[in-house]
Amino acid sequence: MGTAAEEVRLEPDKGKEAQSKEFSSSLPTRQRGSETWSRQLEFTLVCVGYAVGLGNVWRFPYLCYKSGGGAFLIPYLVMLLLCGIPLLLMEFTVGQFTHLGPVHALAKFCPLLKGVGAATVVISFLLCTYYNVIITWALYYLFNSFGSSLPWQSCNNTWNIVENCTNGFPGNATHLRSASQQFFDYRLLQMSRGIEEIGSIRWELFGLLLLAWIIVYFCIFKGVKSTGKVVYFTAIFPYLILIILLINNVQLPGAKAGILFFLTPIWNKLLEVQVWVNAAAQIFNSIGIGFGTMISMASYNKFNNNVLKDTLIVAVTNSATSIFAGFVVFSAIGYMSHQYNLPVEDIATDGPGLVYVVYPEAFVTMPLAPMWASLFFFMLLCLGVDSQRELATNVLDVDFLQVILVSSIIRYSPARYGKAYTYPPWAEGIGWIVSVCSIIWIPIGAAHTLYTSKGSFIQRLHSSVSPVADVIPTENWEQMVKLTSGIYSPSCSAMHDSNDLTEETGI
């Protein structure tokens, strides 16, 4: 701490309350200047809404099926216990303890790695641009679901290529494309023959993209006050829709076969390294570890909030939602397998293809198709807005990330769209540049810290990996004094090594 802290001593002959008041009154006044959550439930719902996103619906079910079915739950739960819960608790604690966002908080805990905070902001910015495009697609499908019939249920539209269009899934006939696939490719995206042909601006999509940004703005423009209110709807409504969809799906013929296909364990898959890497990657991506968002959200908490409870709620809810979404998705895929007399593996897919091609095709064969489609795409909108909102407001476990990175490099293959189109080298080069835009800040921040520090290289290195003296906000020092004086017992959110911090600051 500064000079004021050094002048204060906790004399044994004074009462604890008197000591606390004397210490607090001698500190310089430094207010954080930002709000806190109106209710702690709002923080929990915001974090659940951020963690539970599109990946729970379109990635986990397919990943589980491809990585051993029910056997995949073993590495998934192991990674949840070893990576997800500890790192989420750490991010919550860092944000709540410092009352700072990721850039300043990480710079105070370890100045050498201050670039990590900047990297999380860059990653959030890049994800914001990507996520809002996904939200735009959801809006497009939502508005196209309001008619008496769904526009992707037949091949008799101006955008269809009739000679290779089929109602339903083409199976092994690779030259055919379903009506829903053609709607996605030729109506929504208006795909050209390659990335070299940019084409003209889609003004209707541009307008929907602008609408998506406006929606996000009005969710966050008043800070945590507006965010905390919106989340009561956007975080809870998707669960209502998932429950309704599951109730409807399990009554359809073939649903049981689809669910069994999803859950049937293939135990020898556990011997494959990639399965464990997939589990770790899913935990990182789904919970949102390493993006800095959880640090930002926790920075609006009260200093003594029980973040251990919040950590368990968010982590368990996220994983349970992923498994529940698997039942919803594969019950529908099993129904479609029955309808078109095709193997489940010929229909199962992940990513945008699942929610914008496979599921829309399922709605076509259901009674009240426009209603189901509208509910589903409105659910996607809520999931997308929830995750996008927290990204817009805006450490890493290096060992696990290195394993994921090395595995990705070893198994690297050129970027593709579908099975037919491979992106040219120059397009991949742009992708690598975008990737480097985030991680480049880590070595830059480390080099800047070592260059601007004083003393020998060893002294600079030692100081750069030591927390700075004012890592605890001034307004929280009184509670730290009470904690070390035994006036109250800390909740699980308080740092257990507070005595070490107090010794370093001279108290």
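**Notes on the predicted model**

1. **The disulfide.** The S-S bond between Cys155 and Cys165 is left-handed, at -80 degrees. Their sulfur atoms are 2.0 Å apart. A disulfide here is a pair of cysteine sulfur atoms within 2.5 Å. By this rule the count is one disulfide. Cys155 sits in the loop between H8 and E1, Cys165 sits in strand E1, and they are ten residues apart. Helices (H or I, at least four residues) and strands (E, at least two) are DSSP runs, numbered from the N terminus.

2. **Basis of the note.** This is a predicted model: local features need pLDDT of at least 70, side-chain atom pairs count only at pLDDT 80 or more, and totals for chains, interfaces and linings use all residues. Residues are numbered from 1 along each chain as its sequence is written, and side-chain values use heavy atoms, with hydrogens and water left out.

3. **Cysteines, buried or exposed?** Take Cys155 and Cys165 again. Cys155 is buried, because its relative accessible area is 8%. Cys165 is also buried, at 13%. Buried means under 20% relative accessible area, exposed means over 50%, and partly exposed lies in between (1.4 Å probe, protein chains only). Cys110 has 19% relative accessibility, so Cys110 counts as buried. Cys437 has 36%, so Cys437 is partly exposed.

4. **Aromatic pairs.** The structure holds 32 aromatic pairs. A pair of aromatic rings is described by the distance of the centres and the angle of the planes. Rings of Phe, Tyr and Trp (its six-membered ring) pair if their centres lie within 6.5 Å; planes under 30 degrees apart count as stacked, over 60 as edge-to-face and the rest as tilted.

5. **Trp37 and Tyr300.** This pair is edge-to-face, with 6.1 Å centre to centre and 75 degrees between the planes. Trp37 lies in the loop between helix H2 (16-26) and helix H3 (40-51), and Tyr300 in the loop between helix H15 (293-298) and helix H16 (307-340), so the pair ties together parts that are 263 residues apart in sequence. Trp37 counts as buried, because its relative accessibility is 5%.

6. **Trp152 and Phe377.** The ring centres of Trp152 and Phe377 are 6.1 Å apart and their planes stand at 80 degrees, so this pair is edge-to-face. Trp152 lies in the loop between helix H8 (114-143) and strand E1 (165-166), and Phe377 in helix H18 (residues 369-393), so the pair ties together parts that are 225 residues apart in sequence. Trp152 is buried, with a relative accessible area of 1%. Phe377 is buried too, at 0%.

7. **One aromatic cluster.** Trp152 and Phe377 both belong to one aromatic cluster. Other members include Trp137, Tyr140, Tyr141, Trp159, Tyr356, Tyr359 and Phe363.

8. **Helix H17.** How many residues of H17 are buried? Ten of its 13 residues are buried, so H17 is mostly covered. Among them are Tyr356, Tyr359, Pro360, Glu361 and Phe363. Helix H17 (residues 352-364) reaches 18 Å from its first C-alpha to its last, close to the 18 Å expected at 1.5 Å a residue. The expected span is 1.5 Å times one less than the number of residues.

9. **Salt bridges.** The structure holds three salt bridges. A salt bridge is a side-chain nitrogen of Lys or Arg within 4 Å of a carboxyl oxygen of Asp or Glu. Arg193 meets Glu197 at 3.0 Å, N to O. Arg193 is exposed at 71%, while Glu197 is partly exposed at 35%. Arg202 bridges to Glu204, with the closest N and O atoms 2.4 Å apart. Arg202 is buried at 13%, whereas Glu204 is partly exposed at 37%. Lys269 meets Glu272 at 4.0 Å, N to O. Lys269 is partly exposed at 22%, and Glu272 is partly exposed at 36%.

10. **A nonpolar surface patch.** Phe143, Phe146, Leu210, Leu211, Ile214, Tyr217, Phe218 and Phe221 form this patch, with about 800 Å² of accessible area together. Patches are made of residues with over 30% relative accessible area and no salt bridge: like charges are joined within 9 Å, nonpolar side chains (Val, Leu, Ile, Met, Phe, Trp, Tyr) within 5 Å. Accessible areas come from the Shrake-Rupley method with a 1.4 Å probe; for residues, only the protein chains shown count as cover. Helix H10 (residues 203-220) gives the largest share of the patch, five residues. Ile214 is in helix H10. Ile214 counts as partly exposed, at 37% relative accessibility.
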